[in-house]
Structure formats: C-alpha cells, structure tokens
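Visitor: I would like to learn how to read this structure. Please take me through some of its features.

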Amino acid sequence: MAEPLITFTPAPRARVEAMKEYHPPLGNRDALRLDFNENTLACSPKVLEALAAVSAGALTRYPERESVEALVADYLGLKPEQVALTNGVDEAIHVLFGAFLDKGDELLVPVPTYTMYEIYASATDADVVTVQTADDLQFPFEQLIAAITPRTKVITVANPNSPSGSVATREQLLELCRRAPQAVVLVDEAYFHFHGETVMDLVGQIPNLVVARTFSKAYGLAGLRLGLLAGPAELMRWVRRVLSPYSVNLLALACLPAALKDEAYLNDYVSEVITARGEFESALDRAGLRRWPSRANFILVEIGARHAEFVRHMRDAGVLVRDRSSDPGCDGRVRITIGTREQMRKAAVVMNETLAQMRAGNEAL
Ligand SMILES: Cc1ncc(COP(=O)(O)O)c(C=O)c1O
C-alpha cells in the first residue's frame, strides 16, 4: 500500500469527542418490527398513489416547501409563518437547538427520554442539565421546575415520553412555560395520535411554546423523513434562519397532502393500536411482568438482569424489541412497540415461549 501523503488527522470539537456513540440497531430488520415505534403495517395507499404520480421532470427541481407548509399550517389552524416542515422531528430538534442554544446556556431535559435531545445539544456549546425521573417514570414536574435557572434556554418534553410512555398534563406544560419565560419549551408530540391530547392549539398564544410533530409514527412515513415544528412567528423566524430550504425532499412534500387527507386510514390504524395496546397490557400482566402505563404506541417492560438474553431470544424467534437498559434509570427494561392486534398476539406467544425457555434455564428470571 502506498504511504499516505498527509498523516495528521484534524480533531473534532471536544464536546463531540466526549459524546457516547449512538448506534440504533438498524439492519436485518426483516421480522416483526416492535423496536422503533414505527407504524408496523403500511402508510395510506393514497400516499403511494401520490408517490407514483411524481414525474421524472419533477425530480430535477429543488423541492418547494412553501405551499405544502401553508397547507399544513391551515390543517393545524395556524399561520404559515408559525409552521416549518423539517426532515423528521430530528431536524426540528437540531435546528431549534442551533437557533437558541449558545455557550453558557442550559438545556433542561427530564430523563430517560428521546436520546437525540442530548446528541444535538452536543453539537452546541450549551450545557445539558438532566432531571432524573423517579422509578414510577412519571413526568418529574416538580423537579423540573426546581431545576430551572436564569441560564435555562431550552426545555424539552416528549409528550408522550419515550421510552416510558408517560405524559405531562396541559396544566404542567403551561406552568413550565410560565416559570421559564427566558426559555423555549419544546413539546415533542411525536406520539400525539396515540395519546389524543395536544398543546398545538396554544401555539402562538404562549410566547415560548414550540410543538413538534412527526409523520414517522402513526402515519407510517418514517422512511420519508417528515416532521414539523410549530411556534410563535417571532421564534420561528430564527429557526428558519438555520433551516436548510431543501431539507424536506420533493417526494416527502409530494406525499404529505395525501397523508393529511386520508384521516380515515390514520384513525383506523391508531384505534387498532390502542385496542392492541390494551390486549397486550393484559398479556404482560398475565406473564407477571412489571410494565409502565403508556399513552403511546409502545410499552416499557421490566425484564431484569437477563434483558439482553430476552431481546436476543425474541429476535431469534422473529420479533424485534428494543433493550433500553442503558437509558438512565432503565436498567433491565425493554421497550416493545405496539402494532396490530394480530401482530401483538403473535408477539405475546413468542414472549411467553421466550420467558418459559429462559425460566427453564434459570429460576432467577
Ligand atoms: C420522542 C421522539 N421524538 C422524535 C422522534 C423522531 O422522529 P422523526 O422520525 O420525525 O425524526 C422519535 C423517534 O423515535 C421520538 O421517540
């Protein structure tokens, strides 16, 4: 092999170097996918029609998001200047932090929660202040209020939260906005459809409230990467400064109107999942496993010390579930996405067989 021409390697920012690596276990997911809280079936057929109607000529153009943004704003009862489409909620988080978090600022995050808040915070010079949730994994409202300082610049609340499935009330979120007027309060409603409660109607009325939604979960469009951020125009103008005008691609923009329009499809999927959630909760109770109440399309379950073995056994039997043991306060816990009743009945059978096999090998489970 030839000698390299140049031998030095530029160093990353110290914050990036210190970050934990985050490698979600993607790849080889040709199984029952109960690991990423996706829609486990399909998107609306109307979306596929819209996708098929995209012409080769259309793909030569840069995507034009404005008219679709106006449509979404109208759907949400908001003004176009209050809504920005994003490349998934992930980009919404990234640009919000990029616009508001400076050196010396604090990002306040109740944990355990969605991992990407801390990851994107590492791309800024702000400090991350975490508030550990108690063992019941309920929203740590009092502790969060107590952790607010004059430096608190952004507070993130996933509502419902992942991996716990717990929720904050509207009153708690309002109080958080009142108690931290210097901070942007991001309410991440990625799982809104399975919960049914929202603060979207307050956008524009509360000067520091910003709400995120995704098309990756109930709508079944995770592969398109489509999300949105809604907030007062005075805040959204700063978000737009750092948002790439092309980050939402043409295919996603072409599909979005059809996805919004086919409410019947969305509602059917959501009610199927909610029914399946109730059934699966009973299956977990019968199996004697501790679980946390969930308002989302997943349930956190206590497996104990042999969590990794459980996840491996389930995978071998064709059901993917997600080990959350390394999340703060989640040792021994596994998150199981809820799909349809049929899928969850299969998952329950596989789970019971897995537990039986593991118990046969060791009484300690
Ligand atoms: C709370 C929460 N927010 C955001 C996301 C990511 O959403 P998107 O696919 O729109 O980037 C997830 C995905 O798991 C999530 O759990």
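Guide: Start with burial. A residue is buried under 20% relative accessible area, exposed over 50%, and partly exposed in between, using a 1.4 Å probe and protein chains only. By that rule Tyr-117 is buried, at 0% relative accessibility. This is a predicted model, in which local features need pLDDT of at least 70, side-chain atom pairs count only at pLDDT 80 or more, and totals for chains, interfaces and linings use all residues. Residues are numbered from 1 along each chain as its sequence is written, and side-chain values use heavy atoms, with hydrogens and water left out.

Visitor: How many aromatic pairs does a search of the whole structure find?

Guide: First, the rule. Rings of Phe, Tyr and Trp (its six-membered ring) pair if their centres lie within 6.5 Å; planes under 30 degrees apart are stacked, over 60 edge-to-face, and the rest tilted. The search finds five such pairs. One of them joins Tyr-114 and Tyr-117, edge-to-face, with 5.7 Å between centres and 85° between planes. Tyr-114 is partly exposed, at 28% relative accessible area.

Visitor: Which rings have the charged end of an arginine over them?

Guide: A charge sits over a ring if NZ of Lys or CZ of Arg is within 6 Å of the ring centre and within 35 degrees of the ring normal. The charged end of Arg-322 sits over the ring of Phe-36, 4.6 Å from its centre. Arg-335 places its charged end over the ring of Phe-298, at 5.6 Å from the centre.

Visitor: Which residues come nearest to the ligand?

Guide: A residue counts as near if one of its heavy atoms lies within 4 Å of the molecule. The ligand has 13 residues around it, and Val-89, Asp-188, Tyr-191, Thr-214 and Ser-216 come nearest. By class, five are nonpolar, four polar and four charged. Here Ala, Val, Leu, Ile, Met, Phe, Trp, Tyr, Cys and Pro are nonpolar, Asp, Glu, Lys and Arg charged, and the others, Gly among them, polar. Helix 4 (residues 88-100) supplies the largest share of the shell, three residues. Helices (H or I, at least four residues) and strands (E, at least two) are DSSP runs numbered from the N terminus.

Visitor: Where are the cis peptide bonds that join Val-111 to Pro-112 and Asn-159 to Pro-160?

Guide: Val-111 and Pro-112 are joined with omega about 5°. Pro-112 lies in the loop between strand 3 (106-111) and helix 5 (116-121). For Asn-159 and Pro-160, omega is about 0°. Pro-160 is in the loop between strand 5 (152-158) and helix 7 (170-179).

Visitor: Is Asn-37 buried or exposed?

Guide: Asn-37 is buried, with a relative accessible area of 0%. Its phi is near 55°, a positive value in a residue other than glycine.
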